[in-house]
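Open the model in your viewer and keep the selection tool ready. The tour moves from one side-chain pair to the next.

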Amino acid sequence: MHDLDHRSFSLPGLRRRGSFETVTSLKRLFQSKSVARVEDYPNYMIINLDKGDICDSHFVKLLFETEKIDIVLHFAAQTHVDLSFVRAFEFTYVNVYGTHVLVSAAHEARVEKFIYVSTDEVYGGSLDKEFDESSPKQPTNPYASSKAAAECFVQSYWERYKLLSQEAVMFMDHINIQKSCIHGSGLQTRNFLYATDVVEAFLTVLKKGKPGEIYNIGTNFEMSVVQLAKELIQLIKETNSESEMENWVDYVNDRPTNDMRYPMKSEKILGLGWRPKVPWKEGIKKTIEWYRENFHNWKNVEKALEPFPV
């Protein structure tokens, strides 16, 4: 990682979990393990607010005042496309209103930089046309729609106040290491980047990105969902035959909309000097090993990985 002489913080998983008394909760927050300093980088702070609320404007404002933050990487979002079909209003509230609260507080605190992390799904799906940063937003599900709307709020703050904002649109894919539930045919393809390459991409945008710009973070490596499932099964379960592998695949009904591809151009960030370094075979093996060592740290993770309710 590159050293940055700023008071920085990121919100990797901030979700609405009910209201609370702000001052008391802020005190509890900094007495708990919800705040972690990054080893060897004392100016970095990662905040997981299990008791926090991104939609509580008073709390968020107090957080900025207390910690004197000058750089924000906004990863926080209500996630999982499947759930967004049945909790659309919750996704709208958290992802759109919550982002508005955060960017407004950042503006009032006069932060130096604000990076909003979006998703390739804001462009909608395409079988052949590649999307670049100027492509129109055509989301096809409530999750992507909420992320697209939040983008608009961030962009509006740049246009009105010249808040030093950048947006990073990236491929966000999840790996399931229990029995694989495949939506529909499983022929939908997705693109994958290893975690360290994603970190380097955000640091590149942070250090070299032009304020007010959008940067697509992507890769040309593409794989179908069913092929990914089979590779994972083979690597984790060490299956010896196609029939044995099929015992670990469960085809379920598809969700209402499921884009086939998200082809995206990333020449703009490549122009800043970023390149993905970890090849697929190496990255997927490291990812599996990481999950083996850390999967037990999550609570009720099986429920989070359930297929779309039909």
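A salt bridge here is a side-chain nitrogen of Lys or Arg within 4 Å of a carboxyl oxygen of Asp or Glu. This is a predicted model: local features need pLDDT of at least 70, side-chain atom pairs count only at pLDDT 80 or more, and totals for chains, interfaces and linings use all residues. Residues are numbered from 1 along each chain as its sequence is written, and side-chain values use heavy atoms, with hydrogens and water left out.

**Stop 1.** Select Arg255 and Asp82. They form a salt bridge, with the closest N and O atoms 2.9 Å apart. The pair links distant parts of the chain, 173 residues apart: Arg255 sits in the loop between strand 11 (249-252) and helix 9 (267-270), Asp82 in helix 3 (residues 81-84). Helices (H or I, at least four residues) and strands (E, at least two) are DSSP runs, numbered from the N terminus. Arg255 is buried at 14% relative accessible area, and Asp82 is buried at 12%. Buried means under 20%, exposed over 50%, partly exposed in between (1.4 Å probe, protein chains only).

**Stop 2.** Select Lys268 and Glu213. Their salt bridge has its closest N and O atoms 2.5 Å apart. Lys268 is in helix 9, and Glu213 is in the loop between helix 6 (195-208) and strand 9 (214-217). Lys268 is partly exposed at 29%; Glu213 is partly exposed at 24%.

**Stop 3.** Go to helix 10 (residues 280-294), which holds both Lys286 and Glu282, 4 residues apart. Their side chains meet in a salt bridge (2.8 Å, N to O).

**Last stop.** Select Lys230, Glu242 and Glu246: a network of salt bridges links them.
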